Amino acid sequence: MRGSVPPCALMYVSILEEIVIILGLSMVVLLLGSRARIPPIVGFLITGVVAGPHGLGLVEASAHVEVLAEIGVVLLMFTIGLEFSFKSLARIKKTVLLGGTTQVLVTLGLGMLVAILMGWKAQSSAFVGALVALSSTAIVLKLLQDRAQVETPHGQASLGILIFQDISILPMMLAIPLLAGTKESSDPPAWMIGKFLALIIGLIVSAKWLLPKIFEQIVRTRNSQLFLVSVIAICFAVATGASMAGLSLSLGAFLAGLVLSESDYSHQALGNILPFRDVFTSLFFVSIGMLMDVHYLAAHPILVASIGLGVILGKTLVAGGATLLLGLPMRTAVFVGLGLAQVGEFSFVLAKSGLDRKLIDQNGYQLFLEVSILTMVTTPACLGLAPKVASWIDHLPLSPRLKGIPETKEIIPLQDHLIIVGFGPSGRHLARAARVSNIPYAVVEMNPDTVRIEREKGEPITFGDASQQAVLEHVGIHHARILVVVISDAAAAGRAVEVARRINPGIHIVTRTRFITEVESLHAIGANEVIPEDLESSVEIFTRVLTHYLVPRDRIDQLAADIRAGGYEKLRSPSVSSETLQSCKVPIPDVQVSACSVAEGSELAGRTLAQLDLRNRHGATLLAIRRDDQTIANPKGSTRIEAKDTLLVLTTAGKAGHISRVCAGFPQEQAVQPDPPSHGSS
């Protein structure tokens, strides 16, 4: 059959077969990996190793996959550019600039030194240092999101350093031709930089004057397909332009995303691109896994394992040291160091470019692949090991600052006070409520910048790790009435609860947690009250929904109390709350409460309710009038409606639009059939 098929058709069939094999195998690997809590990216790497020419050989022509993987890299860089905003950096600028610069430069220098000692040339050694300086943004952020740790001190520190690493990719890409020398480059370095600057200027001009006008016309069409096609076209057009200028496709894609990031259309563009990015990026990681030669690993297991372990230890120490430089305690440094210990996905892009420029040979390239994939696969285990390592370090004779303990041992002279652990949004609101209510309180916070800023404002805030006994004693735990723990790190919150209960058995402890599954364990270690965010969110949602359906408030409160008392099991059980739920049935399903504004030309303006007879003529009952800053509830028949009043009216669902049109001053429609006689005048 295939003998009569044109060669080009055979090629397409071959590509489709490879994609089917990859996606099918990925499904199996990801399914098994999800049960073992392996990140999807690691699963894709394993898929590539198994399916590739060095594994089972299910996909022989990996070049086809590499073409699709290149698209994945372009889209990945484009979305990073879209997500990159100078405004969002303001909150963690110190971490980005100081922590990121320290981590990248020190790791690069250390990697370069080791490579020189191993006999590599200076240029190649600098290139190797750049490869190991980068960490995996995709893997680290995915793990932090899954563990609800993005907002923790180590999550924010990791994010800031990763942002700087993503920025540093640009000068690293530009430096590759310079390291390789002009003989290997088609253009002199000065000409290369000139073209890069010309591209930047062109993009700035386009972003300021051209793209806004183009997208304004596109958005006016309200055609989502046109918007999507335009975004992708801009992405690949800029990437192609960068390639023609001698730069990389991925660098051009990043610049294209950066151009759109400050526009009004960046969020819509990002939402449209994400599904395509995820599909093609998965093929990128699969293609990387295909490059791994298991035979090379089998022939050099000690070499690969030794270098991989060296990279993990070295990057852990450097990233941890950069975290300490930011003023954060040792515990946070351990989490950040072990979290950023792997080699990043963009190092593969750099490595491929360096191989083409002969900065490394094929043997060195293969060694890099083996080591990089090894460090990526071990990342979940490293992060899982971080709490144990941090607890072990806590017992070492370190300085108080490294342990997150205030330098002074003086106890704050408070009595019967409130202690707040964490000064995020919840902590700030609680502190404000305590201040307004004249309740004495003290705050414990791990972010040194937050402590410094809030202390200057007069806030009674202390820097420290609330899981340390000395910190709690410093804020008077022995004499406090209530301890409230509102930090995002579930493990740290548990330690703080445990230590506080041991020091002061009589204190009342309230803690927040993200998941209801953690409630029982927190109660077991000493918490009096545990507030799970997902449960409270669900209660708030159904409360508002039932309120909108005019279910009586006492019945809603009864249902909420039942659910809070028994947790989700109370709501899931078939025998539960059947009476409570029955009482919450919508009593008047066709009734709707809506608001409408009275226009100047409306027949309602200037007339009293008695004159208007809204109920009989329009099927509406007026509940309240909002006039400027005044609210007139349950208005009388003599109340006069004025233009620009906002009316809160009760109608049947089908008549809400009618009364809105009357308020807006549209021509009067036929009066509705009157309701049964009523004594009300409104």
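In what order do the four strands of the open sheet stand, and is their pairing parallel or antiparallel? The order is β7-β10-β8-β9, and the pairing is antiparallel. The model is a predicted one, in which local features need pLDDT of at least 70 and side-chain atom pairs count only at pLDDT 80 or more, while totals for chains, interfaces and linings use all residues. Residues are numbered from 1 along each chain as its sequence is written, and side-chain values use heavy atoms, with hydrogens and water left out.

**Overall content**

The protein has 29 helices and ten strands. Helices (H or I, at least four residues) and strands (E, at least two) are DSSP runs, numbered from the N terminus. Of the 682 residues, 47% are buried. Buried means under 20% relative accessible area, exposed means over 50%, and partly exposed lies in between, with a 1.4 Å probe and protein chains only. A contact means heavy atoms within 4.5 Å. Among the contacts with a separation of 6 or more, 71% are between residues 24 or more positions apart.

**The antiparallel sheet**

Two strands pair if DSSP finds at least two bridges between them. Strands of a sheet pair through backbone hydrogen bonds, either parallel or antiparallel. In the open sheet β7-β10-β8-β9, the edge strands are β7 (591-597) and β9 (630-633), each of which pairs on one side only. Neighbouring strands of this sheet are turned by 25° against each other on average, direction ignored. Helix α29 (residues 656-664) packs on the sheet and touches β7, β8 and β10 (646-652). The direction of α29 makes about 15° with that of β7. Such angles run from 0 to 180 degrees between N-to-C directions, and axes are lines fitted to C-alpha atoms, for helices over the stretch in contact. Strand β8 (residues 620-627) is joined to β9 by four bridges, and the two run antiparallel. Ile625 has Ile632 in β9 as its bridge partner.

**Parallel strand pairs**

| Strand | Partner | Bridges | Direction |
|---|---|---|---|
| β1 (residues 418-421) | β2 | four | parallel |
| β1 | β4 (residues 482-485) | four | parallel |
| β4 | β5 (residues 508-513) | four | parallel |

Val421 stands opposite Val444 in β2, and Ile419 stands opposite Leu483 in β4. Leu483 in turn has Ile509 in β5 as its bridge partner. Strand β2 is mostly covered, with five of its five residues buried. Tyr441, Val443 and Glu445 point one way from β2, and Ala442 and Val444 point the other way.

**A helix pair**

Two packed helices are described by the angle between their axes and the distance between the axes. Helix α8 (residues 153-180) and helix α16 (residues 346-356) pack at an angle of about 5°, with their axes 11 Å apart. These two helices are therefore roughly parallel to each other, a term for angles under 35 degrees, while angles over 145 count as roughly antiparallel, 65 to 115 as roughly perpendicular and the rest as oblique. On α8, the contact is made by Asp166, Ile169, Met172, Met173 and Ile176, and on α16 by Phe346, Leu350 and Ser353. By class, this contact has six nonpolar, one polar and one charged residues. Ala, Val, Leu, Ile, Met, Phe, Trp, Tyr, Cys and Pro count as nonpolar, Asp, Glu, Lys and Arg as charged, and the others, Gly among them, as polar.

**Cores**

A nonpolar core is a set of buried Ala, Val, Leu, Ile, Met, Phe, Trp, Tyr and Cys residues joined through side-chain atoms within 4.5 Å. The largest one has 84 residues, of which Phe78, Phe215, Phe348 and Leu350 touch the most other members. Helix α12 (residues 266-291) gives the largest share of this core, nine residues. Phe215 touches Phe227, Val231, Ile234, Leu260 and Tyr265, not counting residues up to four places away in sequence. Another core lies apart from the largest one and has 24 residues, among them Val497, Val499, Ile507 and Leu522.

**Residues with positive phi**

Most residues other than glycine have a negative phi. Asn438 has a positive phi, near 60°, and is in the loop between α19 (425-436) and β2 (441-445). Asn438 counts as exposed because its relative accessibility is 69%. Asp613, in the loop between α27 (609-612) and α28 (614-618), has a positive phi near 50°. Its relative accessible area is 28%, so Asp613 is partly exposed.
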